[in-house]
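Welcome, and please have the sequence and the model open side by side.

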Amino acid sequence: MNDRTTGASPERNGDREEIARLLPAPGDWDLPREQHLRHKELLMHHIDRDQATRTRPARRLLLRPALLAPATALTLAGVLVAGIALNDSGRERSGTASHRAATDMQPAAALLGRISDAAEDRTTPTVRDDQFVYTREKTRGADLTSGKAVLGPLTDREVWAAQEPGPLHRLGLIRENGETFPVNAELGDTDGTPAGLSRPTYRWLSSLPTDPDKLLAYLYAKTPQAKGRERDQAVFEQIGSLLGAVMPPATAAALYRAAAKIPGVAPAPQARDAIGRRGLGIARDDTRYGIRTEWVFDKKDFTFVGSRSYLTRDTSYGKTGTLLSSEAELEHAVVDKAGQQPAEGGTRTDPQS
C-alpha cells in the first residue's frame, strides 16, 4: 500500500503525468495554499478511484470539518490544480491587507451583528481532545477539466475530524456515498499536521482572539498569501472555511464580527444552499475572477446552513450564474470514535434537516 507521505509508485506517477498532459496549460496566477492543496488532492482522489482494481491506498483530503470540497467530482480541479484563471479580464490587485469597515457595508454589518449575537447566545458542547467532531452534509460541485463547468450530482458526506492537537498523520475519517476513507496529513507534513487554520480543532479555535479587530488582524497575518490574490477575498474565504464547525460561542461570534469589517462584504437576498434552502445571505465577489461566494444562514435562529460559489460573469467555463460548488450543512455532533454515528452516543449541535 502506497501512502503519499512516503512517495508514489512509478505506475501512479505515470497516471499523474498522463492527467497533467491532458489538462490545459497553466495560467499566470497563483492560489492560496489551502485551495491549491485541496484541489490537488481531489485530483489524486480521482486517480485512486481509477485504480480500484489494485490495492486501494489511503485517501488524503485536506480536512476542513465544515467545508470539504467534493471528492467524487474534480471540483474546480482542472482550473485550480493547473492554475488557470476563469477569466483574467478586469483583474484587480490588492497587495496589502485592508480591513477597514466601508460605508456600503452597513447592511451586511447589521446582519452579521445579529448573526454574531445569536452565535454568542448559543449553547455548544465542550469538545475533548480525544473526541471527534462529526459533520453530515450534502455537497455539489462542477467539474471543469473539459473546459466547461459540468455540474456533478448531489453527494452525501459524513466527516469525523480528530480533535487532538497533533501533529497528526491521521486527521479523521470521511464517508461519501457509502464509501469510507481515512484522511491523512496534508501534503508536505511529513511529521503530521498540527491544529491550525487548515485543521481547526475545538481547542485551537478556543485559543483565537475574541476581539474582532485582533482576530481579523490575526487572520490577515496567517491566511496563506499568493501572488496577485486579492487579500480581502482570501480572508473572507478563510473565515468561510471555519463556519459550521463546533466551536466556542465566543469564537463564532468574533468570526462573524470580524467578517463584517472586510470591505466588499454585502447581503445576498437570494442566497440558498445545496438543497435549495433559502436563507439570510452574506456574500463577497471576487471581482478579478468573476466568482461570488455566499454564506447562507437560517432565517429564524441565524445558524449557518450552507454556502455556494458561482460565476458572476460569462467566461469560457459557463454563463453568468453557473454553479461551481455548494454545500448544505445537515448535522453536527461530538462523538467518541471515528465512524460513530451520533445516534450511537454523542452530543448533537444545531442539526439542520
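## About the model

This is a predicted model, in which local features need pLDDT of at least 70 and side-chain atom pairs count only at pLDDT 80 or more, while totals for chains, interfaces and linings use all residues. Residues are numbered from 1 along each chain as its sequence is written, and side-chain values use heavy atoms, with hydrogens and water left out.

Helices (H or I, at least four residues) and strands (E, at least two) are DSSP runs, numbered from the N terminus.

Two packed helices are described by the angle between their axes and the distance between the axes. Here axes are lines fitted to C-alpha atoms, for helices over the stretch in contact, and angles run from 0 to 180 degrees between N-to-C directions. Angles under 35 degrees count as roughly parallel, over 145 as roughly antiparallel, 65 to 115 as roughly perpendicular and the rest as oblique.

Let us start with helix 6 (residues 212-222), whose axis comes within 8 Å of that of helix 8 (residues 249-259), crossing at roughly 75 degrees. The two helices are therefore roughly perpendicular to each other. Pro212, Leu215, Leu216 and Leu219 of helix 6 meet Ala254, Leu255, Arg257 and Ala258 of helix 8, where contact means heavy atoms within 4.5 Å. These residues divide into seven nonpolar, no polar and one charged; Ala, Val, Leu, Ile, Met, Phe, Trp, Tyr, Cys and Pro count as nonpolar, Asp, Glu, Lys and Arg as charged, and the others, Gly among them, as polar.

Helix 4 (residues 106-121) also packs on helix 8: their axes come within 7 Å and cross at roughly 175 degrees. Helix 4 and helix 8 are therefore roughly antiparallel. Helix 4 contributes Leu112, Ile115, Ser116, Asp117, Ala119 and Glu120, and helix 8 contributes Pro249, Ala252, Ala253, Tyr256, Arg257 and Ala259. This contact has eight nonpolar, one polar and three charged residues.

## Two residues in one loop

Is Gln163 buried or exposed? Gln163 sits in the loop between strand 3 (155-162) and strand 4 (170-176), and at 3% relative accessibility it counts as buried. The cut-offs are under 20% relative accessible area for buried, over 50% for exposed and in between for partly exposed (1.4 Å probe, protein chains only). The side chain of Gln163 has a polar atom 3.1 Å from the backbone oxygen of Ala161, and it reaches the backbone nitrogen of Tyr202 at 2.7 Å. Not counting residues up to four places away in sequence, Gln163 touches several others, including Val127, Phe132 and Thr201.

His169 belongs to the loop between strand 3 and strand 4 and is partly exposed, with a relative accessible area of 42%. Its C-alpha atom is separated by 5.5 Å from that of Asn184, 15 residues apart along the chain. A polar atom of the His169 side chain lies 3.5 Å from the backbone nitrogen of Gly192.

## Strand 7 and its neighbours

Strand 7 (residues 280-286) is mostly covered, with five of its seven residues buried. Strand 7 pairs with strand 6 (residues 266-267) in the antiparallel sense over two bridges, Ala266 having Ala283 as its bridge partner. Two strands pair if DSSP finds at least two bridges between them.

With strand 8 (residues 291-297), strand 7 pairs in the antiparallel sense over seven bridges, and Leu280 has Phe297 as its bridge partner. Strand 7 and strand 8 form a hairpin with four residues between them, and Gly290 in the turn has a positive phi of about 70 degrees.

Key: A polar contact is a pair of N or O atoms within 3.5 Å; within protein, one must be able to donate a hydrogen and the other to accept it, and residues adjacent in sequence count only if both atoms are side-chain atoms.
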